[in-house]
Amino acid sequence: MHKSNKMVSLLVTAALVTGPIAGSAYAETAASQRVLSLTPLQESLSGKQASNVSHATPGHVIRFLDDPLHMPKVEQAHDFYYLVPKADLGANNYLELVWTQSELLIPTQSTLTVMIDDMPLKSVFLDGQTRQLQIPLGSSHLTPGYHKVTVWKHSLVSDDLCTDEYNPANWVRIEPTTSVFLDTQAVWSTGNPLKEFPHPFVEQGALDEVYGAIVLPDSASAGLIASALELATHLSMQTNGKRHVPILTESEWTAGSTIPHAIALGSTDSWTGSVKQAVDSVPRKAAGEELLLQYYAVADGQAADRQLLLVTAEAEQVIAEKLHVLTDSTLTGQLTGTQAVIAETPKREVSNPGSRSLTFASAGYADLLLNDVNNHAANLFITVPSYWKMTGDSWLNLKLKVSPLLLVEDNKTSKKASRHTAQGLTLTINDIPKTISLDELKQLGSDSDSYNLRIPLEPNMMPGGDNGNAIRINIAANISEVSGACFKERNDGRWIFIDKESGLEMPYEVSKDASFKYWPAPFVNDQGINRTAFLVPQNVDGKFLTQLSMVASELVTMTQNESSFAVVQEPLDAKAEETLKDHNIIVLGDLSQYPSLQAAKDRLLLTENSGPGRFLNYSVIAEMADYAAWVQPSVWNEEYALAVFQATDEQVAANGQMVHPRLLSSLKQHYIAAQIAVMSKSEEVFFPDANEEPQAVAVSSTAEKPGDQPEEAKPIPMWIWILISVQFFAMLFVVVKLWRRREKDRQQ
């Protein structure tokens with residue numbers, strides 16, 4: 001039983017690291033390699049491909065809730081969202097709403113209304129007889145993309161609205177079984193696959209989101225690996241979960257137990273298997289400086305339901321120079337058809353952004369309008385880059401517009417004055433509440449209805465600790481009149497508008513310490529990863545490349561600024577050596593694969609690849625560790641940093657694993673000043689050198705350079721000398737006094 005559980009654990013770990021597609025692609029079939037049939041897709045003909053969400057089982061269920069939603073107010077609304085994936089749809093599509101209600105609701109005055117995309121669709125009385133509703137969906141509700149479902153309820157338990165607003169017997173509960181059923185078929189038909197790019201390789205919002213892999217020739221160069229990383233990280237950024245895209249070799253792709261959609265990236269003469277047949281059969285070949293994009297239907301003796309996008313040119317340099325036609329949204333939006341031969345492309349725009357903005361808009365939120373019906377905005381998450389090192393006080397800046405009706409001075413009665421001062425905004429920042437009254441807003445002295453409100457962030461509101469690297473903001477408007485439930489109106493002119501350009505003001509610098517405290521600094525900055533290179537072995541396989549894709553996607557996700565990659569491959573030539581001297585370096589796997597690091601192993605923080613000897617100087621049980629990572633000054637240039645990720649368990653290493661996603665996630669959440677991180681077999685991450693001083697600092701004016709002289713000892717302060725002198729004379733006085741007394745006694 002224990003052996004079985006251990007085997008299950010190993011399988012789950014492997015799936016997490018390599019992803020479901022890569023994992024299945026590595027499994028060898030009984031035959032050494034299958035023969036694939038690749039047929040070029042023809043212009044103007046509608047082709048069929050496997051649907052990402054229902055290619056195995058038709059039909060797709062979307063659930064909105066994990067727990068019941070409690071709606072206690074007289075009038076309350078809640079929004080849900082569903083995604084219509086790219087799949088052919090049948091006729092049986094519907095929304096199913098399931099609820100439970102208080103038995104005391106007045107059936108003739110309590111209603112439930114369902115709207116889709118703000119258009120009313122169905123209303124029912126809450127009479128207790130009907131507690132489930134199935135609403136057919138029309139064509140306007142089934143266009144690919146996101147749609148909004150609004151459930152709006154109005155409920156009463158008496159004729160006194162004032163009492164009903166606060167009566168605990170007035171409730172409706174939306175159940176987790178509420179869902180949308182889409183009658184998705186097993187295929188998706190399109191005659192214009194280039195227009196649909198990056199579908200089917202990734203599909204934002206779908207269950208797995210990543211449904212394709214990047215395929216490279218079996219002997220891929222460093223330059224081609226760099227292009228693959230650029231494309232893989234771009235595709236990862238198109239998913240909600242920022243999931244990494246597998247990278248496979250040609251032989252691994254064709255030998256897999258299942259064939260994923262694929263983007264084949266390589267020069268025309270670099271292929272040897274099925275992709276070579278596709279290159280030879282392409283109707284229009286690339287010549288000179290041309291880049292060829294060609295879609296194929298892929299079949300292995302069964303239905304041709306997978307797609308291959310061939311991206312090729314005569315030289316790899318052309319691919320690198322023109323790849324931005326697939327990564328620049330302005331250019332990608334112009335692609336159409338099944339084939340494109342591109343001779344010229346606009347030059348890449350070199351972005352040089354200033355300080356990164358942390359606004360509601362940058363986090364994906366729209367303007368907020370708070371009124372009597374929708375009086376709160378819950379859980380606005382703003383992620384603070386973990387590589388930021390704060391250098392001063394931080395603020396939440398709110399750009400507000402306030403209804404003039406809320407700001408009118410009315411001092412006729414003390415009752416009205418009291419009622420006025422009770423209105424305002426309540427902000428909850430990482431569970432710490434703060435209320436701002438409208439009187440405080442008025443004191444800002446704006447000449448219009450617009451206000452800029454700056455709220456200081458306390459230390460316990462900042463990222464770190466239990467807060468991770470996110471700041472969670474809840475905003476509630478206290479704008480209802482006293483007893484407002486008695487005469488509430490849908491539009492009574494009482495509102496507060498919060499501009500989406502509101503956000504955080506956080507002075508910072510990008511940490512340059514060779515430490516995990518502000519990971520992934522110094523390997524990323526606001527411009528991307530332009531000062532970081534990946535060192536790779538001479539021979540790489542899909543397991544290595546997929547984990548390299550995972551690490552690269554993690555870095556790009558944090559900086560949110562896509563850029564090209566620098567990849568250096570063993571054995572090193574003079575140009576590669578110069579690159580390493582001018583970059584931070586990231587290395588994956590067993591160091592025996594890297595002759596250049598073996599030559600400098602006496603300068604490495606951890607020198608042994610595996611076994612108990614590597615942790616002798618730290619409080620680590622080597623047999624209980626699966627993965628380790630460390631960061632130190634680069635052995636090529638101490639002004640830059642070197643990071644190494646590898647498996648410490650021999651069985652894990654033999655399976656080709658080098659880095660675990662939980663380890664990467666923990667590094668950016670803990671803010672611990674350490675140079676070594678270890679993940680145990682129970683997936684706990686700890687830092688064995690957390691209490692020690694960092695070994696060195698990368699690119700820091702305070703770091704001691706080779707040849708620096710040690711500082712001279714500082715002189716002892718004058719006040720200490722004075723204190724010593726006073727004590728000496730005091731003791732001398734006491735000694736003399738005692739001696740004189742004893743002499744006097746002897747004479748008597």
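Here is a short chat about a predicted model.

Student: What should I know about the model before I start?
Tutor: It is predicted, so local features need pLDDT of at least 70 and side-chain atom pairs count only at pLDDT 80 or more, while totals for chains, interfaces and linings use all residues. Residues are numbered from 1 along each chain as its sequence is written, and side-chain values use heavy atoms, leaving out hydrogens and water.

Student: How many helices and strands are in the chain?
Tutor: There are 17 helices and 38 strands, taken as DSSP runs (helices H or I, at least four residues; strands E, at least two) numbered from the N terminus.

Student: And how much of the chain is buried?
Tutor: Buried residues make up 49% of the 748 residues; buried means under 20% relative accessible area, with a 1.4 Å probe and protein chains only.

Student: Is helix α4 buried or exposed?
Tutor: Of its 16 residues, 15 are buried, so α4 is largely enclosed by the rest of the structure.

Student: What span should α4 have?
Tutor: Helix α4 (residues 222-237) should span 22 Å, and its end C-alpha atoms are 23 Å apart, which agrees. The expected span is 1.5 Å times one less than the number of residues.

Student: How many bridges link β7 and β8?
Tutor: Strand β7 (residues 111-116) pairs with β8 over 6 bridges. M115 has P120 in β8 as its bridge partner.

Definitions and conventions:
Buried means under 20% relative accessible area, exposed over 50%, partly exposed in between (1.4 Å probe, protein chains only). Two strands pair if DSSP finds at least two bridges between them.
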